[in-house]
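Subject: Structure for your files

Hello,

Here is the structure you are taking over. My notes on it follow below.

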Amino acid sequence: MENERKKVMLSGIKPSGDLTLGSYLGPLHHWPEMIEEYDCYYFMADLHAITVRQNPADLRRRTLEQLAQYIACGLDPEKCTLFIQSHVHQHAELGWVLNCYAMFGELSRMTQFKDKSAKNADNINGGLFTYPSLMAADILLYQPDFVPVGEDQKQHVELARNIVQRFNGVYGEVFRMPEPYIPKVGARIMSLTNPAAKMSKSDNGDTGRVTLMDDPSVIMKQFKRAITDSDTERCVRYDKENKPGVANLMTIYSSATGKSFDEIEKEFDGQGYGKFKPAVGEAVVEMLRPIQEEAKRIMADKAYLEGVYRAGAEKAEYIASKTLRKVYKKVGFLPR
Ligand code: TYM
């Protein structure tokens, strides 16, 4: 039976801000190519979003927009399961159980916890700290083989793997060991104004961000004022160490056009940055144009979106409840 099982993929994005070029070129861009081959689960991680204060109306709006954008990016709801995390209560429940199998020391070492605590010094809440056990629950409920994420989430997937080892070590083979699946190009898209920081959807006032739904004129403006590098050679060459700004723009251009770094270097040979920056902007505008049109069309049909997330929650819950039942039995909870 085991060899008849389709391999499973799962991933999620927090609706804590509008999806950016980072969210898109990191994981999302690669998700649609997986839906033919794998049994895929993609969700809106709204439970995770509230670890940082959210305006409730914005959170609701962004959750629905994110769903419309997933579909517009090519995630056909007939071919994969799209759902909203809070609609499947097993996430919170398994999250609690796994909290009891994640160690304080481990959680304290998480880079994202340290970063977010520094940025939200007035709200270092317990949820921010135990975030990785909830993320482990998201993953392990569906017994996935692969978890496609950007580089910044790798540490959390590694923690989920530690939890699997610890839990299975006590109770037998309850969870499948998941592998992170990180794209070769685009694993970390940096801010256009600060190439040392990742492009983030939730940093207020980050001017180095381009969102999926930005107007072409805004996108062009952002790229024209993107930071390149202060080196004297002023040529388009991939050197992540010494020319991080140019390397970031080359990564974006390569992802948007499919051209290799070699081809890009040749294309802009001897032309300086003045031609290069608007060319990257135009490539991004063209890449996003069909997605934006489709997302607007889908967003106008609320009944359709409701149908998608209801059906998705049902499918997800069916699988999640099977795993949770097994876990409850293993740890010794008396059935009702
Ligand atoms: P989140 O919402 O911060 O980011 C969503 C996904 O986008 C990737 N990403 C990037 N990739 C490249 N360049 C960037 N600038 C960039 N910014 C973000 C992230 O690596 C991530 O893959 N905890 C997760 C959401 C989550 C999840 C899960 C993911 C919750 N449960 C279970 C996988 C499996 C998060 O905060 O992602």
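Leaving out neighbours within four places in sequence, His156 is in contact (heavy atoms within 4.5 Å) with Met110, Gln112, Tyr131, Pro132 and Met135. The model is a predicted one, in which local features need pLDDT of at least 70 and side-chain atom pairs count only at pLDDT 80 or more, while totals for chains, interfaces and linings use all residues. Residues are numbered from 1 along each chain as its sequence is written, and side-chain values use heavy atoms, with hydrogens and water left out.

His156 sits in helix H8 (residues 154–171); helices (H or I, at least four residues) and strands (E, at least two) are DSSP runs numbered from the N terminus. With a relative accessible area of 2%, His156 is buried. Buried stands for under 20% relative accessible area, exposed for over 50%, and partly exposed for what lies in between (1.4 Å probe, protein chains only). The His156 side chain also makes a polar contact with the side chain of Gln153, at 2.9 Å. A polar contact is a pair of N or O atoms within 3.5 Å; within protein, one must be able to donate a hydrogen and the other to accept it, and residues adjacent in sequence count only if both atoms are side-chain atoms.

Next, the ligand. Of the 28 residues around it, Lys14, Tyr131, Asp138, Asp152 and Lys201 come nearest; a residue is counted as near if one of its heavy atoms lies within 4 Å. A polar side-chain atom of Asp138 is 2.6 Å from a ligand nitrogen atom. Lys201 has a side-chain N or O atom 2.6 Å from an oxygen atom of the ligand. From Gly22, a backbone N or O atom lies 3.4 Å from a nitrogen atom of the ligand. Taken alone, the ligand exposes 700 Å², and the protein buries 98% of that (Shrake-Rupley method, 1.4 Å probe; for residues, only the protein chains shown count as cover). Strand S1 (8–13), helix H1 (21–25) and helix H7 (126–140) are the elements that give two or more residues to the shell around the ligand.

Ser11 is in strand S1 and is buried, at 3% relative accessible area. Beyond four places in sequence, Ser11 is in contact with Trp31, Tyr41, Tyr42, Phe43, Pro148 and Val149. In the segment before S1 is Lys7, which counts as partly exposed at 41% relative accessibility. The C-alpha atoms of Lys7 and Phe146 are 139 residues apart along the chain and separated by 8.1 Å. Apart from residues up to four places away, Lys7 touches Tyr38, Asp39, Asp145 and Phe146.

The loop between H7 and strand S4 (146–148) holds Gln143, and Tyr142 lies in that loop between H7 and S4 too. Gln143 has a phi near 50°, a positive value in a residue other than glycine, and counts as buried at 18% relative accessibility. Tyr142 counts as buried at 2%. The side chain of Tyr142 makes a polar contact with the side chain of His91 (2.9 Å).

On the overall layout, the protein is divided into domain 1 (8–181 + 302–331) and domain 2 (216–296), with bounds from an automatic or database domain assignment. Their C-alpha centres lie 31 Å apart. Eight residues from domain 1 and nine residues from domain 2 make up the contact.

Last, the nonpolar cores, each a set of buried Ala, Val, Leu, Ile, Met, Phe, Trp, Tyr and Cys residues joined through side-chain atoms within 4.5 Å. The largest has 59 residues, of which Leu21, Tyr42, Phe223 and Phe276 touch the most other members. Helix H12 (residues 272–299) gives the largest share of this core, 13 residues. Domain 1 and domain 2 both give residues to this core, so it lies between them. A second, separate core has 40 residues, among them Val88, Ala136, Val147 and Val164.

Regards
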